Amino acid sequence: LGGGGIGAVVDRFWKAGYSIELVGHSLGAGVATLLALLLHARNPSIGIDVYCYAPPACVCEKLALRCLPPEQKAAGDTKSKREKAKPNPKPRKANQSIHRRKRAHQKGPGSPIRRGSGVRVVSMVLGDDAVPRASAKNILTLAKEIVSRQGQWKPMLRREMEDMQRRAMGLWAPMTRATHWTRMSRVGARNPSDFYTTDSGEAPPDIELRLDEDALKEATGVQLVPPGAIVHVYSHNGQRRASLVNHTWPGFQRVEVSRHMFTDHSKEAIMSCLRDAAFARQTPTKPPRWADAPPFGPVLCAVCGYSVAWASSSDNPLEQSRELRHCYACGRIVCLGCSSNKIPLPLLGIPTPVRVCEHCYLNGCRVRFSRNDI
């Protein structure tokens with residue numbers, strides 16, 4: 001800061017009436033947060049606003065509290081709450097830069113319009129993004145869970161490897177609904193519904209996982225958390241919603257293992273979901289509640305009546321969870337073959353094309369849930 005002259009440049013812009021804003025994504029978000037804290041430590045009179053997209057766990061809890069906006073600091077360690085949308089009474093002009101703009105109405109550094117000194121961080125986290133949750137403590141907890149559940153995932157891994165080998169020996173023949181149901185009936189269980197709760201009977205792979213907990217505990221060090229006030233965007237019945245939380249929210253206390261834990265980190269997914277969440281806030285109609293999958297037995301498609309995993313190469317019970325899909329228009333569980341169509345549902349708060357089942361697509365959901373211009 002001193003040798004490179006960055007601190008002096010920031011001080012000069014602040015005295016000239018500029019607002020200081022730092023923006024970053026992923027590692028850049030963590031760098032922007034730490035840079036703002038260092039700049040403020042050098043000159044406590046300046047104010048810096050930081051906007052972080054998918055930031056890593058890069059600050060301790062003490063620094064995380066310092067990064068909170070004043071209204072959140074006053075509230076303290078409260079429960080997570082949802083923030084209603086508020087219209088902006090003074091929209092920015094088109095010719096003003098978002099990141100480094102000089103306010104035309106501001107006359108000097110002592111103007112009451114400018115925000116006060118301090119570091120204010122607003123972070124945005126999408127869904128199950130693993131990067132903001134990847135602290136040493138959370139990774140250790142995940143490793144312990146993997147080791148403790150070896151008896152559950154080892155037989156499934158063995159079974160999936162056998163199924164892939166069987167499919168390859170059959171020259172990767174196309175899967176159909178009838179052949180899938182016939183194959184389930186030929187397994188040891190008399191009832192095909194027992195197929196998904198019966199183990200293959202084979203010995204698990206010879207894989208032994210152990211943890212040196214003492215070494216891992218020494219490596220954890222200080223618990224790191226994502227900085228500032230956090231806007232968490234999530235999906236509820238197919239509709240994007242947003243909640244205002246902080247680092248104490250229980251959802252950040254563990255790494256959520258899901259199919260979206262890495263794709264939710266991309267800039268494209270973040271910007272798309274932000275637009276969808278803003279659109280959903282302006283839509284009064286709520287989407288239908290998504291149906292729950294049965295805890296045992298096969299998960300059947302609401303359209304064709306076959307298992308949702310009929311097109312899968314593996315008969316692993318976990319394959320059902322990977323192949324399970326919902327119709328965004330009616331909320332029923334459907335398979336891949338019965339949900340190949342995608343259309344936007346703006347009247348349900350979903351502006352982007354999403355999956356719908358054959359029944360809804362053919363029975364006029366395009367007319368009921370879409371606008372005339374789509």
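**Figure 1. Ser26 and its buried setting in the predicted model.** Ser26 counts as buried, because its relative accessibility of 18% falls under the 20% limit. In this predicted model, the residue belongs to the loop that connects strand S1 (20-25) with helix H2 (27-42). The phi angle of Ser26 is near 60°, which is a positive value in a residue other than glycine.

**Figure 2. Asn237, a residue with positive phi between two strands.** The loop between strand S4 (229-236) and strand S5 (239-245) contains Asn237. Although Asn237 is not a glycine, its phi is positive, at about 55°. With a relative accessible area of 18%, Asn237 is buried.

**Figure 3. Lining of the second largest pocket.** The space in the second largest pocket amounts to about 1,300 Å³. Its lining is made up of 38 residues, and those nearest the pocket centre are Ser235, Arg240, His260, Trp290 and Tyr328. At least two lining residues come from each of S4, S5, helix H9 (267-281), strand S6 (325-326) and strand S9 (350-356). The greatest contribution is that of S9, which provides 6 residues. By residue class, the lining of this pocket comprises 16 polar, 12 nonpolar and 10 charged residues.

**Figure 4. Surroundings of Asp128.** Asp128 is located in the loop that runs between strand S3 (118-126) and helix H5 (136-148). Its relative accessible area of 25% makes Asp128 partly exposed. When neighbours within four places in sequence are left aside, the residues in contact with Asp128 are Arg133, Glu256, Ser258, Met261 and Asp264. Asp128 and Gly251 are 123 residues apart along the chain, and their C-alpha atoms are separated by 8.9 Å.

Figure 5. Cys52 is buried, with a relative accessibility of 2%. The sulfur of Cys304 has its closest cysteine sulfur in Cys301, at 3.8 Å, which is likewise too far for a bond. Cys304 is partly exposed, at a relative accessible area of 24%.

**Figure 6. Edge-to-face aromatic pairs.** The structure contains 3 aromatic pairs. One of them joins Phe13 and Tyr18 in an edge-to-face arrangement, with 5.1 Å from centre to centre and 85° between the planes. Both partners are partly exposed: Phe13 has a relative accessibility of 31%, and Tyr18 has a relative accessible area of 26%. A further pair is formed by Trp249 and Phe252, whose ring centres are 5.1 Å apart. The planes of these two rings lie at 80°, and the pair is therefore edge-to-face, since an angle over 60 degrees places a pair in that class. Trp249 is partly exposed, with a relative accessible area of 22%, whereas Phe252 counts as buried at 4% relative accessibility.

How values were computed: Residues are numbered from 1 along each chain as its sequence is written. This is a predicted model: local features need pLDDT of at least 70, side-chain atom pairs count only at pLDDT 80 or more; totals for chains, interfaces and linings use all residues. Side-chain values use heavy atoms; hydrogens and water are left out. Helices (H or I, at least four residues) and strands (E, at least two) are DSSP runs, numbered from the N terminus. Buried means under 20% relative accessible area, exposed over 50%, partly exposed in between (1.4 Å probe, protein chains only). On a 1 Å grid over the protein atoms alone, a cavity is a set of points where a 1.4 Å probe fits but cannot get out, and a pocket is an open set with protein on both sides within 12 Å along at least five of seven lines; lining residues have an atom within 4 Å of a point. Grid points are joined across faces, edges and corners, and a volume is the space filled by probe spheres set on the points. Ala, Val, Leu, Ile, Met, Phe, Trp, Tyr, Cys and Pro count as nonpolar, Asp, Glu, Lys and Arg as charged, and the others, Gly among them, as polar. Contact means heavy atoms within 4.5 Å. A disulfide is a pair of cysteine sulfur atoms within 2.5 Å. Rings of Phe, Tyr and Trp (its six-membered ring) pair if their centres lie within 6.5 Å; planes under 30 degrees apart count as stacked, over 60 as edge-to-face and the rest as tilted.
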